[in-house]
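Got a minute for a quick tour before you load this one into your viewer? Have a look at the model first, and then we'll go through it topic by topic.

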Amino acid sequence: MTYFKGILTVSDVGAGKEKPDIFLKACDVLGTTPSETIVFEDARYAIDTARKAGFYIAGVFEGAASQMCNLSMYSYSDLSLSLLRSVL
């Protein structure tokens with residue numbers, strides 16, 4: 001894979017995104033900790049789960065849960081390196 005160290009699905013961890021398992025497994029794959037990792041998410045319940053587990057959150061949606069996120073955007077086309085650096 002050119003751009004990703006791995007791709008995970010809920011099938012890989014046996015739990016949905018209402019539990020932090022998939023986010024924590026991603027940290028294992030990346031060799032990072034939650035405080036070093038940004039979760040990009042559009043589902044409110046998954047945003048809440050990742051936030052409670054100590055991750056930085058980039059919400060990709062139309063504003064509904066922006067107060068729960070460290071960074072909010074309407075589309076991945078809004079993403080830039082300077083925007084990411086502002087979070088970490």
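What follows is a short briefing on pockets, cores, a pair of rings and a few individual residues.

Keep in mind that this is a predicted model. Its largest pocket has a volume of about 660 Å³, and its largest nonpolar core holds 13 residues. A search of the whole structure also turns up two aromatic pairs.

**The largest pocket**

- Sorted by type, the lining comes out as 14 nonpolar, two polar and four charged residues.
- Which element gives the largest share of that lining? Helix 2 does, with five residues.
- Helix 2 spans residues 21-30, and both this helix and strand 1 supply at least two residues of the lining.

**The nonpolar cores**

- In the largest nonpolar core, the members that touch the most other members are Phe-23, Val-39, Ile-47, Ala-50, Phe-55, Ile-57 and Cys-69.
- Helix 2 and helix 3 (44-52) each put at least two residues into this core.
- Another core lies apart from it, made of seven residues, including Ile-38, Ala-58, Met-73 and Val-87.
- Looking at Ile-47 itself, and skipping neighbours within four places in sequence, its contacts are Glu-41, Asp-42, Ile-57, Gly-59, Phe-61, Met-68 and Cys-69.

**An aromatic pair**

- One of the two aromatic pairs is Phe-40 with Tyr-76: the ring centres are 6.0 Å apart and the planes sit at 45°, so the pair counts as tilted.

**Glu-41, a charged residue in strand 1**

- Glu-41 is part of strand 1, and with 5% relative accessibility it counts as buried.
- What does Glu-41 contact, leaving aside neighbours within four places in sequence? The answer is Lys-17, Phe-23, Ala-46, Ile-47, Ala-58, Gly-59, Val-60 and Phe-61.

**Met-68, in a loop**

- Met-68 is in the loop between strand 2 (56-60) and strand 3.
- Its relative accessible area is 17%; the cut-off for buried is under 20%, so Met-68 is buried.
- Not counting residues up to four places away in sequence, Met-68 touches Arg-44, Ile-47, Asp-48, Arg-51 and Ile-57.
- If you want a distance to check, the C-alpha atoms of Met-68 and Ala-58 are separated by 9.4 Å, with the two residues ten apart along the chain.

**Thr-49, in helix 3**

- Thr-49 lies in helix 3 and counts as buried at 11% relative accessibility.
- Beyond its neighbours within four places in sequence, Thr-49 is in contact with Lys-17, Glu-18, Lys-19, Pro-20 and Phe-23.
- Lys-17 and Phe-23 are also among the contacts of Glu-41.

Methods:
Residues are numbered from 1 along each chain as its sequence is written. This is a predicted model: local features need pLDDT of at least 70, side-chain atom pairs count only at pLDDT 80 or more; totals for chains, interfaces and linings use all residues. Side-chain values use heavy atoms; hydrogens and water are left out. Rings of Phe, Tyr and Trp (its six-membered ring) pair if their centres lie within 6.5 Å; planes under 30 degrees apart count as stacked, over 60 as edge-to-face and the rest as tilted. Helices (H or I, at least four residues) and strands (E, at least two) are DSSP runs, numbered from the N terminus. Buried means under 20% relative accessible area, exposed over 50%, partly exposed in between (1.4 Å probe, protein chains only). Contact means heavy atoms within 4.5 Å. On a 1 Å grid over the protein atoms alone, a cavity is a set of points where a 1.4 Å probe fits but cannot get out, and a pocket is an open set with protein on both sides within 12 Å along at least five of seven lines; lining residues have an atom within 4 Å of a point. Grid points are joined across faces, edges and corners, and a volume is the space filled by probe spheres set on the points. Ala, Val, Leu, Ile, Met, Phe, Trp, Tyr, Cys and Pro count as nonpolar, Asp, Glu, Lys and Arg as charged, and the others, Gly among them, as polar. A nonpolar core is a set of buried Ala, Val, Leu, Ile, Met, Phe, Trp, Tyr and Cys residues joined through side-chain atoms within 4.5 Å.
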